[in-house]
Amino acid sequence: MSPHVLILGGTTEARELAAALTALPGVRVTTSLAGRVTRPGTVTGDIRIGGFGGADGLAAWLREQRVDALVDATHPFAEAITANAARAAAATGVPAVVLRRPGWRPGPQDRWYPVGSLAEAAGLLPLLGPRVFLTTGRLGLAAFTHLTELHFVVRSVELPEPPMPPRTEVLLARGPFTVDDETTLLTTHCIDVVVTKDSGGAATAAKLTAARRLALPVVVVRRPALPADVTAVPDVPAVLERLGLSPR
């Protein structure tokens, strides 16, 4: 029987993994998307949209669809999904792998302020400057709504969800971005401080280089910890090796 792999997707790595798996003879691939983005990138293989109803719902789906392997390739900050995937895999005995791109690391000339949450990031901003480039996604802007004296430039793939700070300018754009473009954006908007999550990867890392060029402080929200007994692999070849599906 052909192996059935379920990918919890929504990232570039998830799309790359789906393409690699569907290229292998006899492998059935289903990618599950949460449905929060209306224009996801092209995904090969089967696609399902929407949640499972928590860990129990996911476990039931794994059994019903006779899934042979589960790959959590969601965003590094999709904490609830990762926890549910770990519980569902343990309950069903389905082998599971977490695919996480490596996080960013500061260089000697970077002015980074690591924080544990968006609320902690908001607490630092009045000390760092009045004009903020906020690239933490379209969710979670409520953490900054009390900062009524600051001006926020918010970049997101889709329109952010309210509530948001009263002085907010929204830029709709999808990466990858170049260092020159990011430098121009930061200077044009007279940005004093950049706020980002440690999502890792090259698609949105150019803003960090641009901030270094301009000697701007960067508030970096650290990734949530993985569930106990869960380890991650950094790339698609490592997933294929872990699943025993490496191309010959």
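Contact here means heavy atoms within 4.5 Å. The model is a predicted one. Leaving aside neighbours within four places in sequence, Leu21 is in contact with Val5, Ile7, Val27, Val29, Leu240 and Leu245. Leu21 is also listed, with Val5, Ile7, Leu17 and Val71, among the residues that have the most contacts inside the largest nonpolar core, a set of 21 residues. At least two residues of this core come from each of E1, helix H1 (12–22), E4, E5 and H7.

One of the sheets is open and has 6 strands in the order E3-E2-E1-E4-E5-E12, with parallel pairing. Its edge strands are E3 (46–49) and E12 (232–233), each of which pairs on one side only. Within the sheet, strand E1 (residues 4–8) runs parallel to strand E2 (residues 28–33), and 5 bridges join the two. Leu6 has Thr30 of E2 opposite. Helix H7 (residues 236–243) packs on this sheet and touches E1, E4, E5 and E12, with a direction that makes about 170° with that of E5. Another helix, H3 (residues 79–92), lies across E1, E4 (69–72) and E5 (96–99) and runs at about 165° to E4.

Ser32 is found in strand E2. Is Ser32 buried or exposed? Its relative accessibility is 7%, and because buried means under 20%, Ser32 counts as buried. Not counting residues up to four places away in sequence, Ser32 touches Leu6, Ile7, Leu8, Gly9, Arg48, Gly50 and Phe52.

Strand E10 (residues 193–197) pairs with strand E11 (residues 217–221) in the parallel sense over 4 bridges, and Lys197 stands opposite Val221 in E11.

The charged pairs come last. Side chains of opposite charge can pair when their charged atoms come close. The whole structure holds 8 salt bridges. One of them joins Arg101 and Glu13, whose closest N and O atoms are 2.9 Å apart. Arg101 lies in the loop between E5 and E6 and Glu13 in helix H1, so this pair ties together parts that are 88 residues apart in sequence. Arg101 is buried at 15% relative accessible area, and Glu13 counts as buried at 16%.

Arg138 and Glu161 meet in another salt bridge, at 3.2 Å from N to O. Arg138 is in the loop between E7 and E8 and Glu161 in the loop between E8 and E9, so parts 23 residues apart in sequence are tied together. Here Arg138 is buried, with 17% relative accessible area, whereas Glu161 counts as partly exposed at 40%.

Note on methods:
Residues numbered from 1 in each chain as written. Predicted model: local features only at pLDDT ≥ 70, side-chain atom pairs only at ≥ 80, totals over all residues. Heavy atoms only, no water. Pairing = 2+ DSSP bridges. Axes fitted to C-alpha atoms, helices over the stretch in contact; angles between N-to-C directions. Core = buried A, V, L, I, M, F, W, Y, C linked by side-chain atoms within 4.5 Å. Buried < 20%, exposed > 50% of the residue type's maximum accessible area, 1.4 Å probe, protein only. Salt bridge = Lys/Arg side-chain N within 4 Å of Asp/Glu carboxyl O.
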